[in-house]
Amino acid sequence: MMSCTRRSFMKSGALAMLGLGSVPRFLVRTAYAQGTAARPKILIAVFQRGAVDGLSMAVPHGDPSYYTSRGSIAVARPVAGNAEATVDLDGFFGLHPAMAPLKPLWDDQRLAIVHACGSPDTTRSHFDAQDYMESGTPGVKSTQDGWLARGLSATPSPGVSPFRAVAMGTQLPRCLRGDVGAVAMGAVADFDVKQDMGRKGGGVNARSGFESLYEQGVRDILHGTGRETFDAVKMLKAANPQRFPPANGAQYPRGRLGDSLKQIAQLIKADVGLEVAFADGGGWDTHANQGNERGQLAQRLSEFSQSLAALYRDLGDRMNDVVVLTMSEFGRTVRENGNRGTDHGHATAMLVLGGPVKGGRMVGPWPGLAREQFYEGRDLAVTTDFRHLFAEVAGRHLSVPASAPLFPGFSTNPARYPGVLL
Amino acid sequence: MQSLVGSLSVLALLGALCAGCSSAPVKSRVPAPSASAAPAPARATIALPASTLSEDQRIIHALNRLGYGPRPGDLERVRQIGLAAYIDRQLYPARVPDDRLETSLQAFPTLTLTVPELLRGFPEPDPKLLAKAQSGEMSQQEIRQIAPLERRPARIAVELQAAKLTRAVLSERQLQEVMVDFWFNHFNVDARKGAVKWMIADYEQTAIRPHALGKFRDLLLATARHPAMLFYLDNWMSTKADLVVRTGPQRGRQMGLNENYAREIMELHTLGVDGGYTQTDVIDVARAFTGWSIDRPRERGTSVFRLAAHDQGQKHILGHTLPPGGGEQDGVRVIEILSRHPSTSRFIATKLARRFVSDDPPPALVERAAKTFRDTDGDLRKVMVTIISSPEFFSAEAYRAKIKSPLEIVASSVRALDGELAPPAPAGGGQPGGGFALAQQVGKLGEPLYQQQPPTGYPDVAEAWVNTGALLNRMNFALGLTANRMPGVGVDLGRVVGSADRRRPERVLDVLLVSVLQGQATAETRSVLAAQLDNPEITRATMDDRTNTDVEKLAALVLGSPEFQRR
């Protein structure tokens, strides 16, 4: 049984001292809204579960082996004026046409793409590889907590907020499990004890009853989580993020990722003290009928790109404090398989976008697509260890101290950072 | 989402491919459940160990672990027949009459239809029709008259979800339902992937349910052959390398190997990820299963073996050599090798002990259960006997140590209050029934049933289910349930508290603590709840009516309490 953490008691104590329960608005206003200087830096991590085909996101159209390895699923070479072909970026790489909404970010130098990025571990299991990427310890299964949780709990916070780390969804992802009290929510609107459900006519307050049930008693995972829950409910009610509709004409596409990013933007605008947000989505495991410029993967990439572009537009100037980092557990086979799809591979591409990003660049050495350049004779080789990329974003953007156990057993030398931030 | 156009082309291709080859249908309906075939012992065969738990605690523990929690009166009933006899009956579900459930399940006609029948009776609406709805050329009303909602494919998963909750709440064969849930999750398929939606009900009914307490090998083979698994993990499209289609509209098209199923059958279904296999094994297992396919997934949806797609070469798998020309038997051979591999015994024993004993199961128990697995050639009933009759199962450490999953909290709440489930309205898109309303709640708590996308299924440890948002949803569920706000779910709190005087809230609380928590609440919870009795919202004190206990809210607090989150 997991014991209640030291951190949640410290936090509860601090909240009690500040009188959050009675005057949360005071805390919200003073701690986070004194102008941008006091505002925390924010990381939004987006996990593409199922192993996205990096070779379709950032198409190496200048590598002749790309078109010889792939028949029906290759994305067409860029053709000026043809919106159905690869969108050229630098003469060698291009964006999938469904990702065209991100091209303006590239042109503004706010989007960098780290290609051939991934894990040194050889596993081709989704489950293990996602677990390794989230725990931050490839090859080690006994790790209990996640890299983002470790990073945040080692970092002094500008305020005291139960919303330092928020995952959109009903389950807390592995990367945020640990000593940081991350919150999982399916939707901002659902995050309360429903006062009107108790009895017809409404007005019955059951919250205080539940709160006292979890306030006392043993120190276990249930009671610890219960206490955090009620702190968070009170603060969110005061901050009222739902009063912020998408701004600047941003239109989020329908779907889970768009919904998640829209609500993350609301939490940012409501100044609830968010430092790390997490969103994820599946559908990337394209073993069959992957499609090329159009088709199954194109549809997923379209939703993905429109969601990110909407967030960028919606947040406007607030993007100066925000970095979005996309990740996926591994890439896919270079060769097309027997079902017009791709099997589990090795390296993939990850996107970094936001105000602090040194963008408009492809980042990391390109290993090449010739047979002798493959990893294990079949897959795109990893040239950027994901931990160096994550460490750069955590250290330079979130100011996670170098002493933090971000990736136990791995030395994250700043000299090896890929250099995605300004 | 699977691209419809893409799938159709592959489908046509496989049809063409099949036309030019000898294809033998693989048996899709499985013979009579092994449960009924098993000899019924005359007297309790299970010997229960000594335990520091009281007799009542042991019964409560068994009702919570081998089922979806006690209903009012269950404790007394088990006391009467004896715990060993109760467990024994649960181990032989065919001996337990379940008439009330059978009657309730008649409200779900899709459960007993075959895959071809479902494909015929619940077709995808014509895309042209849906386009007309989108363009506004036809109203939703008109579309529904041509393609009624209750004749669309989504209906199948809706009925399956509703049936699962109905079974969990009503079935007298509680252990069987828990085992079916366990094995479905172990051999997970997702109703949202392509043609699986027409196959998933039959998969649970014919591949999982008959073998839930049977032989592991039979279970593994039944899942391997079922079209739902063949589709979900892509094996139906996997062919020998560089197969070129010779005839038909897809002439000249090249097919090949797909490793998806081969990897998952070893990683997730048998050996475990550290079970000692390599990428070479993955490739040769995939070669062995080439040809295990589906006859037109969106028209017939039955299993076939396609000899022309099968790789007839020699295979080397985990130290075994499969000689050339094995045909369909190659796959059967792989099932045998994997079922008997020592890693499989440990992997299955660990998962069962985690489900039934604790998140970190005691290694000594896992080893004993694994040994039973090996000694009995994977007899799952005997493995369960080893686990249930162990001192570890009835230990103080295991008592209420597991956090309930969303399915478990929802089903056990309804059982604790002896709730009734209304059947769905017969037609016309009316009220979808109590079972479906509960299934939606399970989804909201984080476990959308039959819709887990990754093949790992849902996790079985506390950390997966306990987080702030999920706890709030559990409290809201408790409030909704006790206030009778779940459509089709009826809770009669008057019956639960019986003759307890509502003007004496402490009496009402005592009755609730006995009926919901069997009197096992901690001192803290009891005193917190007692303190709530001074709350005017609970006592509803008015000038005219001094006290009239708000039983709904009090019951919700008990269901939402930390103790009730545990089993």
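Helices (H or I, at least four residues) and strands (E, at least two) are DSSP runs, numbered from the N terminus. Welcome to a predicted model, in which local features need pLDDT of at least 70, side-chain atom pairs count only at pLDDT 80 or more, and totals for chains, interfaces and linings use all residues. Residues are numbered from 1 along each chain as its sequence is written, while chains are lettered from A and ligands numbered from 1 in the order in which they are written.

**Chain B overall**
- Chain B has 29 helices and nine strands.
- Of its 567 residues, 53% count as buried, meaning that 20 or more other C-beta atoms, placed from the backbone, lie within 10 Å of a residue's own.

**Helix α24 of chain B**
- Helix α24(B) covers residues 468-482, and its end C-alpha atoms are 22 Å apart.
- That agrees with the 21 Å its 15 residues should span at 1.5 Å a residue, because the expected span is 1.5 Å times one less than the number of residues.
- Mostly covered, α24(B) has 14 of its 15 residues buried.
- Just after this helix, B:N484 takes a positive phi of about 55 degrees.

**Where the chains meet**
- Chain A gives 52 residues to the contact and chain B gives 56 residues, with contact meaning C-beta atoms, placed from the backbone, within 7 Å.
- On the side of chain A that touches chain B, the largest share, eight residues, comes from α9(A).

- B:I387 touches B:L352, B:A353, B:F356, B:V357, B:L365, B:A369 and B:F393, leaving aside residues up to four places away in sequence.

Note on methods:
Buried ≥ 20, exposed ≤ 12 C-beta atoms within 10 Å, placed from the backbone. Contact = placed C-beta atoms within 7 Å.
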